[in-house]
Amino acid sequence: MTFTEQIKRAIAITKKDIKIYYSKGPVIIFGLLFPFFLFLAYTIGREISARELMPGLIGMTVFFTSTSIGPGIIPWETRSKTFERLICCPVEFWAILLGDMFSSVIFGTMISIIPVMFTLLFLGLDLTSFIIIVLSLILASLCFSALGVLLSSYPPTDIPATAMMLSSLVKFPMVFISGIFIPVERLPYWGRVISSISPLTYFTDITRHLILKNGYYMLPLDFLAIVLFTAFFVYAAIKMHERTLPQRIS
Amino acid sequence: MTSPIKVDNLTKRFGEIVAVDHVSFKVRKGEIFGFLGPNGAGKTTTIRILTGILKPDEGKAFVAGYNVVEEPVKVKQRIGVVPEVSNAYVDLSAWSNLMLIGELYGVPKKERVERATKFLKEFGLYQARNRLVRGFSKGMKQRLLLCMALMNDPEILFLDEPTSGLDVESARLVREKIQQYNDDGKTIFISTHNMEEANLLCHRIAIINHGQIAAIDTPENLRLQSMELQYVEVLFNKPIKKEELMHHPEIVKVVPAGNKIRIYTANPSAIIEFVVEFAKKCEMRILSLNTMMPSLEDIFIKLVREHRENDFYRTD
């Protein structure tokens, strides 16, 4: 069975996920409402220009939307026994997980493109910067989607709310160390070290480069870091889910 | 390909529990092979291994000519599975479920549409094709699962208790379809609790208990192996005590069954003569007299009991 054939089957899983999971309550709450109110809480009462707010807003939007579906899908499917249905189809395990990741990528990109478009239309963003931001947005969505799927691997629960809550334990600290609210250059040394292990730091840095022209790392380094994090999260998600699979279906 | 399913020394453990214990068997092409056993006997685990969902700890299994551990995707491409628990997507319509399965098996779009239409009509679900599966009855869900299992035109069908909990009409439709698809050349591996169903459908039956195979044979040969379970059922015109009939050496036991008496024996003809003589001697009339072969249920209980006793002596 060819790689292309497996990718086609992964896309079939993506289409199924879009139909079923985009309208689920926890996805709307954790993916849209929660980051929206968090952002409001940060901005109201502060004298910061719209342009300065945009890198953080885009970073937070892509991070929360891309990680809102991944942690829930496999617990949902474990509970409804549909995960076993997928496993007994002629689809490689990696293709099943990739299908789930693609659905998060599309969700994350679709929502996050809104603040990027706002920046382009109202705050003056050149076309090259816009294209680079959109490309980095897609790459970051894949990275965060893979992280979301990885976070649902352990414990192998069949309760989506549990997986969502546990993933929040990782997600929220990441937002605070990734240059969303405080730029990396203003962090103390230890803060900069910690922020360097978060992929969100590099995406926020890309948007700061292109919107505010004052990024902390070099742009190619930002891209390389996101690519490496993506590869690690995808690999770890496949291996961890393979390991916990017998517990999910027994 | 003479044996579409070949299992050799298959073993699966969950911690301390041995769910499948060195099981070996072969299923012939075009056969309906029944897998009978009490709850927790290892039926579903065996099916999960054969369908590539679980990996065995020991032994080998070949399905459609491929090793289930080494080439699971090739195995899955050639089989259809109806699991024990309904697992269609309840948030999708019946039609969307079939389209999804078609795509996951790589069935071209034109064929997907043709097959889905055909199966939905055959299984009486066409009118409900656009309804969400969430609103389906258990019978409808089970029929949809069979449609889903057939979407890739599989060589082999694995059915895990396909009629369990269904209403009489749905169960009969499912059985008819199993028979029909077997007549069309599909090999069918079916696990069931229903002895009558196994008797009606299966060419051969394996009885599994505590993860081990207790017997494999045709329903008829299993009956012949258990001749002591034959009985003569007699109704006299007046009640008698069962002890009055226990004087013949060929009688194994006497059991009251309503107003009748069941006399278990390996030699029914000798017992019929004895019963007739007994009736004459006691000046009674025989209102009915039947010789009964052991039911599959009798054989199943006997084999499972013997197996448990053997297990007990082995571990003692």
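Chain B is divided into domain 1 (5-218) and domain 2 (227-293), the bounds being taken from an automatic or database domain assignment. The centres of domain 1 of chain B and domain 2 of chain B, taken over C-alpha atoms, are separated by 44 Å. The model is predicted, and local features therefore need pLDDT of at least 70 and side-chain atom pairs count only at pLDDT 80 or more, while totals for chains, interfaces and linings use all residues. Residues are numbered from 1 along each chain as its sequence is written, and chains are lettered from A and ligands numbered from 1 in the order in which they are written.

Helices (H or I, at least four residues) and strands (E, at least two) are DSSP runs numbered from the N terminus, and two strands are taken to pair if DSSP finds at least two bridges between them. In chain B, six strands form an open sheet of mixed pairing in the order β6-β7-β8-β3-β9-β10. Strands β6 (79-82) and β10 (212-217) of chain B stand at the edges with a single partner strand each, so that one side of each is left without a neighbour in the sheet. Neighbouring strands of this sheet are turned against each other by 15° on average, direction ignored; axes are lines fitted to C-alpha atoms, for helices over the stretch in contact, and angles run from 0 to 180 degrees between N-to-C directions. Strand β9 (residues 204-209) of chain B pairs with β10(B) in the antiparallel sense over five bridges, and B:Asn209 has B:Gln212 of β10(B) as its bridge partner.

Helix α1 (residues 43-50) of chain B lies across β3 (32-36), β7 (156-160), β8 (187-192) and β9 of chain B and runs at about 150° to β7(B). Helix α6 (residues 168-183) of chain B lies across β3, β7 and β8 of chain B, its direction making about 155° with β8(B).

A second open sheet in chain B has four strands in the order β12-β13-β11-β14, with antiparallel pairing. Here β12 (251-257) and β14 of chain B stand at the edges, each with a single partner strand, so one side of each lacks a neighbour in the sheet. The twist from one strand to the next averages 20°. Helix α9 (residues 268-281) of chain B packs on this sheet, touching β11, β12, β13 and β14 of chain B, and its direction makes about 15° with that of β11(B). Strand β11 (residues 231-236) of chain B pairs with strand β13 (residues 260-265) of chain B over four bridges in the antiparallel sense, and with strand β14 (residues 286-292) of chain B, likewise antiparallel, over six bridges. B:Val232 stands opposite B:Ile263 in β13(B) and opposite B:Thr291 in β14(B), whereas B:Tyr231 has B:Met292 of β14(B) as its bridge partner.

In chain A, the axes of helix α3 (residues 50-79) and helix α5 (residues 93-122) come within 8 Å and cross at roughly 160°. The two helices, α3(A) and α5(A), are therefore roughly antiparallel, a term applied to angles over 145 degrees, with those under 35 counting as roughly parallel, 65 to 115 as roughly perpendicular and the rest as oblique.

Definitions and conventions
Two residues are in contact if their C-beta atoms, placed from the backbone, lie within 7 Å.
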